[in-house]
Amino acid sequence: MLVENLKTLLASTETFSLKSRNFHWNIEGSNFPQYHEFYDTLYTDSYATVDIIAEYIRVLNSYAPASLTRYAELTVIQDQTKIPRAELMFQESFEDCQKMIQLVVEIFDVATQERQQGIANFMAELQDLYSKKAWMIRSILKKERE
Ligand SMILES: [Fe+2]
């Protein structure tokens, strides 16, 4: 059901954003300024989509979940309570981007079937957003040529 999928997306986006904030604050390494800045943008860009998702849930005449307990129940993105080293943070964020892409692609198909073109269009935008972030992280993780 489309609206239930959007609740999963809302919880997953909140979790993704919070984790990006964790990494923004706590990342360390010789490229700290760039890493700190990258995670600030990742947080800002993902968090900017939260309100739009919640309002689509209301458009579909359901209530938007907005509690940590509900988010923990619904999210496909795992919470991170530790402070991994920088490379592991990027690997985790890369995998999380893949999970977000998979989720929005599934919701795109459901929205299309239900002829909710605005929501489908928004899912396409989210696929672009997380695909570009995944490209950037993959490039950060790539070992430089000698
Ligand atoms: Fe900051």
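Biologist: What percentage of the 146 residues in the protein chain is buried?

Modeller: The model is predicted, so local features need pLDDT of at least 70 and side-chain atom pairs count only at pLDDT 80 or more, while totals for chains, interfaces and linings use all residues. Residues are numbered from 1 along each chain as its sequence is written, and side-chain values use heavy atoms, with hydrogens and water left out. Buried stands for under 20% relative accessible area, exposed for over 50% and partly exposed for the range in between, with a 1.4 Å probe and protein chains only. Of the 146 residues in the protein chain, the buried share is 42%.

Biologist: Which pattern does the protein chain follow along the sequence?

Modeller: Helices (H or I, at least four residues) and strands (E, at least two) are DSSP runs, numbered from the N terminus. The protein chain holds six helices and zero strands. Read along the sequence, the pattern is α-α-α-α-α-α.

Biologist: What is the radius of gyration of the protein chain?

Modeller: The C-alpha trace spans about 55 × 30 × 20 Å along its principal axes. The radius of gyration is taken over C-alpha atoms, and the globule rule is 2.2 Å times the number of residues to the power 0.38. For 146 residues that rule gives 15 Å, and the chain comes close to this value, so it is as compact as a globular protein of that length; its radius of gyration is 16 Å.

Biologist: Among contacts between residues at least 6 apart in sequence, what percentage joins residues at least 24 apart?

Modeller: Contact means heavy atoms within 4.5 Å. Among the contacts in the protein chain between residues at least 6 apart, the share that joins residues at least 24 apart is 79%.

Biologist: Is helix 2 roughly parallel or roughly antiparallel to helix 6?

Modeller: Axes are lines fitted to C-alpha atoms, for helices over the stretch in contact, and angles run from 0 to 180 degrees between N-to-C directions. Angles under 35 degrees count as roughly parallel, over 145 as roughly antiparallel, 65 to 115 as roughly perpendicular and the rest as oblique. Helix 2 (residues 32–47) packs on helix 6 (residues 117–141) at about 165°, with the axes 11 Å apart. The relation of helix 2 to helix 6 is therefore roughly antiparallel.

Biologist: How many nonpolar, polar and charged residues has the contact of helix 2 with helix 6?

Modeller: Helix 2 contributes Tyr35, Phe38, Thr41, Leu42, Asp45 and Ser46, and helix 6 contributes Leu129, Tyr130, Lys133, Met136, Ile137 and Ile140. Ala, Val, Leu, Ile, Met, Phe, Trp, Tyr, Cys and Pro count as nonpolar, Asp, Glu, Lys and Arg as charged, and the others, Gly among them, as polar. By class the contact has eight nonpolar, two polar and two charged residues.

Biologist: Which residues make the contact of helix 2 with helix 5?

Modeller: The axes of helix 2 and helix 5 (residues 86–113) cross at roughly 25° and come within 12 Å, which means that helix 2 is roughly parallel to helix 5. The contact is made by Tyr35, Phe38 and Tyr39 of helix 2 with Ala86, Met89, Phe90 and Ser93 of helix 5.

Biologist: Is asparagine 61 buried or exposed?

Modeller: Asparagine 61 is placed in the loop between helix 3 (50–59) and helix 4 (68–74). Its phi is near 65°, a positive value in a residue other than glycine. With a relative accessible area of 69%, asparagine 61 is exposed.
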